[in-house]
Amino acid sequence: MAAAKMTPLPTGKYVLLLTILIAHSIIGGYWAGTRPSGAGWRFFSWHPLLMMLGMVGMMGTAALTKKRMGYTNTKLHGIMAWAGMMLSAGGFYVIYANKNQMGKDHFTTLHSWAGLSVLVGCTMAGIAGGVFLHPDFGIDKQNGTIRTAHKYMSRVLLLVAWVATLSGLKTLIGDDMMSLIVFAGPLAVAAPFTLM
């Protein structure tokens, strides 16, 4: 049986999905940062906003851009993914500093361990992508095994990151399931196209 031939993600679908992910990362990140209701914007608020911008907005669009195929989209994919990592690193700094200021222990929840695992894993996938798969100077850019491992590792990491956004929000809003479902909606719409 022959392998299925890849086809580029159509422009209309690409633009729609980018709009969903970017809007959700901005609006959802800001909204999560102001939870619980009435808390307002504070130093902690930068954590959900930067993590959403990084892991949903930039990393999600990086995955979609790679599905557009071709040299330019591959390079854009790498640039967007690293920009997402930098934003997420900022979100990590904020939560780490915030816990220090409050005298709380670090890495006490599944959410925190998922976030740390995603940051470390994405850094490793990014380094592997840059060193081995970069279209200009990757030392083994035609290696199908490395390409496949990079692709599937990154998809799993992105899925874990998106689930971590939901677990973090759940911590902030408690039992407000309707808000959690509405927040998860854009991710559920984008997931089949981004993660599959």
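Reader: What does Lys 67 touch, not counting residues up to four places away in sequence?
Author: Lys 67 touches Thr 7, Pro 8, Leu 9, Arg 155, Phe 193, Thr 194, Leu 195 and Met 196, with those sequence neighbours left out. Contact here means heavy atoms within 4.5 Å. Two notes on the numbers. This is a predicted model, in which local features need pLDDT of at least 70 and side-chain atom pairs count only at pLDDT 80 or more, while totals for chains, interfaces and linings use all residues. Residues are numbered from 1 along each chain as its sequence is written, and side-chain values use heavy atoms, with hydrogens and water left out.

Reader: Where is Lys 67 found?
Author: Lys 67 sits in the loop between helix 2 (46–66) and helix 3 (71–102). Helices are DSSP runs of H or I with at least four residues, strands are runs of E with at least two, and both are numbered from the N terminus.

Reader: Is Lys 67 buried or exposed?
Author: Lys 67 is buried. Buried means under 20% relative accessible area, exposed means over 50%, and partly exposed is in between, using a 1.4 Å probe and protein chains only.

Reader: What does the side chain of Lys 67 reach, then?
Author: The backbone oxygen of Met 196, at 2.4 Å.

Reader: How many salt bridges does the count come to?
Author: Two, by that rule. In one of them, the side chains of Asp 136 and Lys 75 meet at 2.8 Å, N to O. This pair links distant parts of the chain, 61 residues apart: Asp 136 is in the loop between helix 4 and helix 5, and Lys 75 is in helix 3. Asp 136 is partly exposed at 39% relative accessibility, and Lys 75 is partly exposed at 30%.

Reader: What does Asp 175 form a salt bridge with?
Author: Lys 170, and the closest N and O atoms are 3.3 Å apart. Asp 175 is exposed, with a relative accessible area of 69%, while Lys 170 is partly exposed at 30%.

Reader: Back to Asp 136. Which residues is it in contact with, leaving aside neighbours within four places?
Author: Tyr 71, Lys 75 and Lys 141. With Tyr 71, Asp 136 makes a side-chain to side-chain polar contact at 2.6 Å. A polar contact is a pair of N or O atoms within 3.5 Å; within protein, one must be able to donate a hydrogen and the other to accept it, and residues adjacent in sequence count only if both atoms are side-chain atoms.

Reader: How far apart in space are Asp 136 and Ala 184?
Author: They are 38 Å apart, C-alpha to C-alpha, and 48 residues apart in sequence.

Reader: What about His 134, buried or exposed?
Author: His 134 counts as buried because its relative accessible area is 19%. His 134 lies in the loop between helix 4 (110–133) and helix 5 (144–173). Not counting residues up to four places away, His 134 touches Lys 75, Gly 129 and Lys 141.

Reader: New topic. How much space lies in the largest pocket?
Author: About 920 Å³. On a 1 Å grid over the protein atoms alone, a pocket is an open set of points with protein on both sides within 12 Å along at least five of seven lines, a 1.4 Å probe being used, and lining residues have an atom within 4 Å of a point. The largest pocket is lined by 35 residues, and the closest to its centre are Lys 66, His 77, Leu 133, His 150 and Lys 151.

Reader: Which helix gives the most to the lining of the largest pocket?
Author: Helix 5, with ten residues. Helix 2, helix 3, helix 4 and helix 5 each supply at least two.

Reader: Which peptide bond is cis?
Author: The one from Arg 35 to Pro 36, with omega near -5 degrees. Pro 36 is in the loop between helix 1 (11–33) and helix 2.

Reader: And what is phi of Met 69 near?
Author: 70 degrees, a positive value in a residue other than glycine. Phe 107 also has a positive phi, about 55 degrees, although it is not a glycine.

How values were computed
Lys, Arg positive; Asp, Glu negative; His and termini not counted. Salt bridge = Lys/Arg side-chain N within 4 Å of Asp/Glu carboxyl O. Points joined across faces, edges and corners; volume = space filled by probe spheres on them.
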